[in-house]
Amino acid sequence: MNRFPVATTLFSGLLIGLCVTATAVAQPPTEEDFYKLTDLQIPEGELLEVGAVQLMSDGRLAAATRRGEIWMIDAPLADEVPAKNFHRFAHGLHEPLGLTEKEGWLYVTQRPDVSRLRDTDGDGRADEFEVVADGWGITGDYHEYAFGSKFDANGDIWVTLCLTGSFSSKALYRGWCVRVTPDGKTVPTTSGIRSPGGMGSNLAGDIFYTDNQGPWNGTCHLKQLIPGKFVGHPGGFEWYEQAEEVLGKRPQEPESNTRSLDQARKIPEFEVPVVMFPYNKMGKSASGVTCDTSGGKFGPFAGQMFVSDQSASTVMRVYLEKVQGHYQGVCFPFRKGFGSGNVATEVTSDGSMFVGGTNRGWGSAGRDPGSLQRLNWTGKVPFEILEMRAAKDGFDLQFTEPVDPETAGNVDSYKMETYTYIYQSSYGSPEVDHTTPKIVSATVADDGKTVHLEIDGLQEGHVHELHSDGVKSAAGNPLLHPEAYYTLNYLVQ
């Protein structure tokens, strides 16, 4: 009896089973494959709750904490950063939320002022402290945060001053942005701020900050700070009397229960949010702002901005463009899984992103009450939508890798809806004014990386939520993050 056919059948079946098993366990790429998190080991018994960081010119990392301390961390770019590398540099400050360095001084933005400090005797501890500017008020209300920028091209530090609580301004310039000049003057700059969570500049040096959901903010936003402008919350309007010499008369009062873009058409000073972060979908407490200035050392997103979220313990990616003279743009998910509630966020020139966080009693997806971490690119390029740009009749999508023309050119690979938020004096807003634009066509360009989506039904003042789940790369990979949220304030002419 010939038994070879049976053996062959059994062997073939075993091979098929192995192939099926291998296919079943194959996992799609994850964020960790492209961006690796490294914990900086905080000394035992210390709770840092980092709100600002600065990579110093000597290679140390300065970290300011909610509890009024500044720590210096040796060799922060090493593969491992043990607790012994942490050294307390200063203490006794008032919730510092801004750090920047210049000419041997570390400048600190804290609730009542911008100060500078340095170590003159080389023992690793600050021994000289100077107040640079304190031209604003403070009542002691827990909500009166003050976030400071890095130095701008003029040598100014921009400071965003949170309101007293959510609704009112009980001290000078609360609810404003001011600039601190190199000679220590405080210059009122922009009104309309509610509750900032962080600030930073783009490659062009323009200054942006995050504002959080609440009165006059239907959701969390990224907003540009422009001298003379109003960014939405009228709670600090009374201080125009003090600022009139610089900014002129107070703007017209906005009308509640409207839409922000409609009010901007009536109030010349009103600059609407650059990006609306859809509530819950992209977190619910926008915070730190940074820009990738590393020239590609942080991956394929050189020149783009990143915004963290305290509640979700995430970092989002933001691409901006100018349309009709105004910035607007799109946010994408980027990296989740941070240890605490992200606040401080900074990309350094070597291509590292430092992220510090706190739960601060609010809670966050990351369960650590206070963490300090470093994020680095692994060298692998994720398949992502690199840019989403507004076009006259839709959007242009540029991808990080060549696309599969069949899936990328199929309108069924995409879904889009739009919505906006109520601009009102009461707290927050649901999504409103939903529409479902029609995706008429999807055309793959000759470069293999760009797709033009022709859209019937673009909506000014709306978030355009795009899902590209059906798109595959030429190598057959799905998008790492198929979601994109474009804030279309102005149409391309």
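Tyr-173, Trp-176, Trp-216, Phe-230, Phe-237, Tyr-240, Phe-270 and Tyr-423 form one aromatic cluster, where rings of Phe, Tyr and Trp (its six-membered ring) are taken to pair if their centres lie within 6.5 Å, with planes under 30 degrees apart called stacked, those over 60 edge-to-face and the rest tilted. The model is predicted, with local features needing pLDDT of at least 70 and side-chain atom pairs counting only at pLDDT 80 or more, whereas totals for chains, interfaces and linings use all residues. Residues are numbered from 1 along each chain as its sequence is written, and side-chain values use heavy atoms, with hydrogens and water left out.

By the ring-centre rule, the count comes to 19 aromatic pairs. One of them joins Phe-230 and Phe-270 in a tilted arrangement, at 5.2 Å centre to centre and with 50 degrees between the planes. Because Phe-230 lies in the loop between β16 (220-224) and α3 (240-247) and Phe-270 in the loop between α4 (260-264) and β17 (275-277), this pair ties together parts that are 40 residues apart in sequence; helices (H or I, at least four residues) and strands (E, at least two) are DSSP runs, numbered from the N terminus. Phe-230 is buried at 0% relative accessibility, and Phe-270 is likewise buried at 4%, where buried means under 20% relative accessible area, exposed over 50% and partly exposed in between (1.4 Å probe, protein chains only). Phe-301 and Phe-334 form an edge-to-face pair, with 6.0 Å between the centres and 85 degrees between the planes. This pair links distant parts of the chain, 33 residues apart, since Phe-301 is in the loop between β18 (286-291) and β19 (305-309) and Phe-334 is in strand β21 (residues 326-335). Both Phe-301 and Phe-334 are buried.

Pro-254 is found in the loop between α3 and α4 and counts as buried, at 9% relative accessibility. Leaving aside neighbours within four places in sequence, Pro-254 is in contact (heavy atoms within 4.5 Å) with Trp-216, Phe-230, Pro-234, Phe-237, Gln-263, Ile-267 and Tyr-423. The C-alpha atoms of Pro-254 and Gly-232, which are 22 residues apart along the chain, are separated by 8.1 Å.

The domain assignment, whose bounds come from an automatic or database source, gives domain 1 (35-246 + 254-377) and domain 2 (385-488). The C-alpha centres of the two domains lie 29 Å apart, and 45 residues of domain 1 are in contact with 34 residues of domain 2.

Arg-116 lies over the face of Trp-105, at 4.0 Å from the ring centre, and Arg-179 lies over the face of Trp-158, at 5.5 Å from the ring centre.

Technical notes. A charge sits over a ring if NZ of Lys or CZ of Arg is within 6 Å of the ring centre and within 35 degrees of the ring normal.
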